[in-house]
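Visitor: Please walk me through this structure, one feature at a time. I want the general idea, then the case here.

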Amino acid sequence: MLPLIGPEVTLSNGRGLHDASAAEHGLGLILAAQRELPRWVRDQDAGRWQPEHTRSLADSRVVILGYGSIGAALEQRLLACEAEVVRVASRPDADRGVHGVDELPALLPTADIMVLTLPEKPGTIGLIGGEQLALLPDDALVVNIGRGRTLDTGALLAELSTGRLRAALDVVDPEPLPADHPLWSTGAIVTPHVGGGAATFYPRAERLVAEQLRRFAEGRPLLNVVPRAAAVTPR
């Protein structure tokens, strides 16, 4: 947007509006996979009573790749479930305990769960492919609540087809996922990109707009201002 507006216009974004809904959806996907909720739903539909112990989220090591506001919101929920969280962003930040993405080769072999909360941009498209997935231990869970193209679908399918890894995905590549796509039959949990669209969104969006208008009318600094340094040449 910045190249399309004049220098006298201040551009703000809606950072934070999807944090709670995306984080709780991510937590839901993780819990559903760890506690095998789809299996129990199928057993209920069939009238089967076959109790069995499952995996747990507690004491699991969760690597959050793309640690921003959504990642931080997810972290709060994971810590409440007694999981261990490893923060990873594009650049390390020792003061906040954030690892850099170049540390993934050392971090992924110890992960029980890897969660992608990445935006889609040139540096993140295909960031997680066969090489990175191969570093995960057997039976690790791959969760994507960011953008579908940040995870190589072919590489993920190769791991899922052998049963070595598991997946729970709210975003995929391609979207919409065709009815005959092999991802449907891999045992992965797939939801249709609904993580950010919960009932909390519109009330929070209205509150943000109202607060921005108050700040504008009173001459106070606006929230979530996009810096001019972010401007790029339009295609």
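**Reading the fold**

Guide: His 181 has 15% relative accessibility, so it counts as buried; buried means under 20% relative accessible area, exposed over 50%, and partly exposed in between, with a 1.4 Å probe and protein chains only. This is a predicted model: local features need pLDDT of at least 70, side-chain atom pairs count only at pLDDT 80 or more, and totals for chains, interfaces and linings use all residues. Residues are numbered from 1 along each chain as its sequence is written, and side-chain values use heavy atoms, with hydrogens and water left out.

Visitor: Where is His 181 found, and what is it in contact with?

Guide: His 181 is in the loop between S6 and strand S7 (189-190). Helices (H or I, at least four residues) and strands (E, at least two) are DSSP runs, numbered from the N terminus. Beyond its neighbours within four places in sequence, His 181 is in contact with Thr 153, Leu 157 and Pro 174. Contact means heavy atoms within 4.5 Å.

Visitor: Which peptide bonds are cis?

Guide: In general, most peptide bonds are trans, and most residues other than glycine have a negative phi. Here the bond from Asp 173 to Pro 174 is cis, with omega near 10°. Another cis bond joins Glu 175 and Pro 176, with omega about -10°. Pro 174 sits in the loop between S6 and S7, and Pro 176 is in that loop too.

Visitor: Which residues other than glycine have a positive phi?

Guide: Glu 36 is one of them, with phi near 55°. Glu 36 lies in the loop between H1 and helix H2 (37-46). Glu 82 is another, at about 65°, in the loop between H3 and S2.

Visitor: Are these two buried or exposed?

Guide: Glu 36 counts as buried because its relative accessibility is 18%. Glu 82 is exposed, with a relative accessible area of 58%.

Visitor: Now the sheet. What is the strand order?

Guide: Strands of a sheet pair through backbone hydrogen bonds, either parallel or antiparallel. Two strands pair if DSSP finds at least two bridges between them. This open sheet has seven strands in the order S3-S2-S1-S4-S5-S6-S7, with parallel pairing. Strand S3 (98-100) and S7 stand at the edges with a single partner strand each, so one side of each lacks a neighbour in the sheet.

Visitor: How many bridges join S1 to S2, and how many join S1 to S4?

Guide: Five bridges join S1 to S2, in parallel. Arg 61 has Glu 84 in S2 as its bridge partner. S1 and S4 pair over four bridges, also parallel. There, Val 62 is partnered by Ile 113 in S4. Four of the five residues of S1 are buried, so S1 is largely enclosed by the rest of the structure.

Visitor: How does the chain cross from S1 to S2?

Guide: The path goes through helix H3 (residues 69-80), and this β-α-β crossover is right-handed. Right-handed means that, with the strands pointing away from the viewer, the path from the first strand over the helix to the second runs clockwise.

Visitor: Which parts of H3 are buried, and what do they pack against?

Guide: Gly 71, Ala 73, Leu 74, Glu 75 and Leu 78 are buried in H3. The buried residues of H3 pack against helix H1 (19-34), S1, S2 and S4.

Visitor: Which residues have the most contacts inside the largest nonpolar core?

Guide: Nonpolar side chains tend to be buried together in soluble globular proteins. A nonpolar core is a set of buried Ala, Val, Leu, Ile, Met, Phe, Trp, Tyr and Cys residues joined through side-chain atoms within 4.5 Å. The largest one here has 29 residues; those with the most contacts inside it are Met 114, Ile 128, Leu 133, Leu 136, Val 142, Leu 151 and Leu 156. Elements supplying at least two residues each include strand S2 (84-89), strand S4 (113-116) and helix H6 (153-162). H6 gives the most, with four residues. Leu 156 touches Leu 133, Val 142, Leu 151, Ala 167 and Leu 169, not counting residues up to four places away in sequence.

Visitor: Finish with Glu 159. Is Glu 159 buried or exposed?

Guide: Glu 159, found in helix H6, counts as buried because its relative accessibility is 13%. A polar contact of 2.8 Å joins the side chains of Glu 159 and Arg 164. A polar contact is a pair of N or O atoms within 3.5 Å; within protein, one must be able to donate a hydrogen and the other to accept it, and residues adjacent in sequence count only if both atoms are side-chain atoms.
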